[in-house]
Every structure is written in C-alpha cells, then in structure tokens.
Amino acid sequence: MMNSESSPLFLPDPKALDVTVLIFSGASLMCVASTIDPMRAANRVSGSTLFRWRIVSLDGQPAITTCGLPIAVSGSFDASEKADMLLVVGGFGAADIARTTFTAHLRRAVHNYRMIGGIEAGSWLLGRAGLLSGRKATTHWEDMEEFTAAFPESDVRPDRYVIDGPVFTSGGASPTFDLMLHLIRSRFGMSVALDVASVFIYDEAHASSDAQPLVSLGRLDDVHPKLAVAIRLMESHIDAPLTVAAIARRCGLSARSLEKIFLKAVGEGPGRYYLRLRLKMARRLITDTKSPLADIAARTGFSSAAAFTRTFRQFEGRPPSALRASNR
C-alpha cells in the first residue's frame, strides 16, 4: 500500500474503481447501504460503470446485520486478492474480532489495495492491524473514548470521517454517505455527486471535519435557534454537568425561557432532558464496555456510585448491575 500522505483515489480520474466490501455480522444495515448504494447510484446516473464491487464476509456466509437482515456475499475474504479499495464494515463485536488472527490477514492484504477504509467499527479492525499508527482516524462517537485509549499512537478525532493518505475511517451511516459522496465528487466530478445525492433526496452533506454529535438535531433551528445550542452544551458537559441556569445564561436566555422552549419542543424540561442524556450515555457504557460502574458514574456526572444507582433505577426500573448482568 502507498506510503504517500496523498489520498490516491480521491483525485480526478475517469477510470472505474474495483472495490472489495468486507462486511461483518453485527454491522448496521444503514452503514452497509451508505457504503454500497452510492456506488450503485453513481453507475446509474452516469450511465457507465464507475464502480465495480464485490461483497464478501470473513467466512463466506451471509453477514447478519443488527436488524436481523442477512447480507448476501459472493465469497469469503481472501487476503491475496487485489482491488483498488477495501472497505471494512464493522459493528457490534468488531472489537472482539480485532483480537483474532484476522488482523494478521489484514496486515498481509494491505499491499493489494491502493486504499483501505474502516466503516464505523471497522476502524477497530484497522487499528488492531496497525494501519492507524501515526495516522488521523475516527470511529463512532459511542466508542470514541475507548478507541482513543486503545490506539494512543493514532490521532483520534471526533470528525464524521477522516482521510489520511491511503487510509480512511468513518463514524457511522450518515458520515459514510458523506464520505462516498466526497469520493464520487473528487473522482468523477460535482455533477455526478449532485445527481447521486438527488437520487436519495439527500441535501445536507457535511464536511469531514464536522464533529459527530451525541444527539442528531436535524432542523431544530427551525423550532428555536437556542435549543440546539443548549443541547450541544449539555452533550459537551456529560461528566461535569452544568446547571440549567448556567446553560440558559450561555444561550442568552433566562432559565424560565429555556424551560418553556424545551417543554414546547421536546415535551420535557431541560433538567430532565439533560439527566436522560447522561443516563443514555451511562447505559451505553454499561452494555458496551467493561468499565467499573463507579467509573461510569463519574464519567456521566454523578457524585457517587450510590447516587448513580439510585437515579438509574428510577429511570430504568432496575439497577445498572442488573442491566450489565443481562448483557453478559
């Protein structure tokens, strides 16, 4: 694989790209679609073959997505096969796969591709194979903290997607769609990219460096411009929560005005919404990590493990220890 810091396939070139898409069970159906459908649409709107792709799994069996739908594959991953690009689409369980011999196969395969991309949890597999060492990278926002700790030699960023030379990583379904549109625009021109976006009525493409939010706000500015500001403040202060008065002050509002905005837009006050946001993060850490419950309590802004357990039980109907036990 190239050592150059340039991104070889994100340059104007009319030649068709040969792409291998390696999908793992546990991947999101939306991530799979965001990876493959833009290529299909590019071929359709251009009336020519801009992409040729082959879908494979590790063992040649259909990959089962998180919603239960299987993805048909044409065979198993062969580290000796060559193509222009390898896209590794991972999801739940990718961190475990990253500890298997697959990463050795991936290391051997890198010389057979001009570029390799990790889609969502596929970034874990690239990281375990050593492909992110000394490079900028990203992953899904839910895994950002653990990913940063796992790969200290990488420059991990909360961006939607990151391209660093011959390696790129993407944080989820929507960022992957943005990434594929960027590839199409860079390689085949703006006209083709606009036509592909129009096929899916997709009109809000983001820059790669746009941060991944905990809460996807859509068009909340149409509801009230200060609502999005308040929620962004909340999600950036999960471990050290701000008071509602402090949030209102930073938004240029009174606490009473902020309360009215939240009640009208989301059906509950800002304090309760903020607490649910913290508990949502805690729930994800309980089910998806092995972090001690006391650490999770601290990371989500609770003064003690006892206070965390008490609040969690009130909202979830069971203590955090019971939720962790049910996910073993």
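User: How many salt bridges does the count come to in this structure?

Analyst: This is a predicted model. A salt bridge is counted when a side-chain nitrogen of Lys or Arg is within 4 Å of a carboxyl oxygen of Asp or Glu. By that rule the count comes to 17 salt bridges.

User: Which residue forms a salt bridge with arginine 157, and how far apart are the closest N and O atoms?

Analyst: The partner of arginine 157 is aspartate 155, and the closest N and O atoms are 2.9 Å apart. Aspartate 155 has a relative accessible area of 34%, so the residue is partly exposed. Arginine 157, at 32% relative accessibility, also counts as partly exposed.

User: What does aspartate 178 pair with, and are the two residues buried or exposed?

Analyst: Aspartate 178 forms a salt bridge with arginine 160, with 2.8 Å between the closest N and O atoms. The pair links distant parts of the chain, 18 residues apart: aspartate 178 is in helix H6, while arginine 160 is in the loop between strand E8 (155-156) and strand E9 (161-164). For burial, the cut-off is under 20% relative accessible area. Aspartate 178 is at 2% relative accessibility and therefore counts as buried. Arginine 160 is at 8% and counts as buried too.

User: Which helices hold arginine 283 and glutamate 316?

Analyst: First the contact itself: arginine 283 and glutamate 316 form a salt bridge, their closest N and O atoms being 3.3 Å apart. Arginine 283 lies in helix H11 (residues 270-288) and glutamate 316 in helix H13 (residues 305-316), so the pair ties together parts that are 33 residues apart in sequence. Arginine 283 is partly exposed, with a relative accessible area of 31%. Glutamate 316 is partly exposed as well, at 30% relative accessibility.

User: Which residues are linked in a network of salt bridges?

Analyst: The network of salt bridges links Asp143, Glu145, Glu146, Arg284 and Arg299.

User: How should I read the cysteines, and how many disulfides does the count come to?

Analyst: A disulfide is a covalent bond between the sulfur atoms of two cysteines. The cut-off for calling one is a pair of cysteine sulfur atoms within 2.5 Å. Here the count comes to zero disulfides.

User: At what angle do the axes of H6 and H7 cross, and how are the two helices oriented to each other?

Analyst: Angles over 145 degrees count as roughly antiparallel. The axes of helix H6 (residues 173-188) and helix H7 (residues 190-199) cross at roughly 150° and come within 7 Å. H6 and H7 are therefore roughly antiparallel to each other.

User: Which residues meet between H6 and H7?

Analyst: From H6, Leu181, Ile184, Arg185 and Phe188 meet Met190, Val192, Ala193, Val196 and Ala197 of H7. By class, this contact has eight nonpolar residues, no polar ones and one charged.

Conventions:
Residues are numbered from 1 along each chain as its sequence is written. This is a predicted model: local features need pLDDT of at least 70, side-chain atom pairs count only at pLDDT 80 or more; totals for chains, interfaces and linings use all residues. Side-chain values use heavy atoms; hydrogens and water are left out. Axes are lines fitted to C-alpha atoms, for helices over the stretch in contact, and angles run from 0 to 180 degrees between N-to-C directions. Helices (H or I, at least four residues) and strands (E, at least two) are DSSP runs, numbered from the N terminus. Angles under 35 degrees count as roughly parallel, over 145 as roughly antiparallel, 65 to 115 as roughly perpendicular and the rest as oblique. Contact means heavy atoms within 4.5 Å. Ala, Val, Leu, Ile, Met, Phe, Trp, Tyr, Cys and Pro count as nonpolar, Asp, Glu, Lys and Arg as charged, and the others, Gly among them, as polar. Buried means under 20% relative accessible area, exposed over 50%, partly exposed in between (1.4 Å probe, protein chains only).
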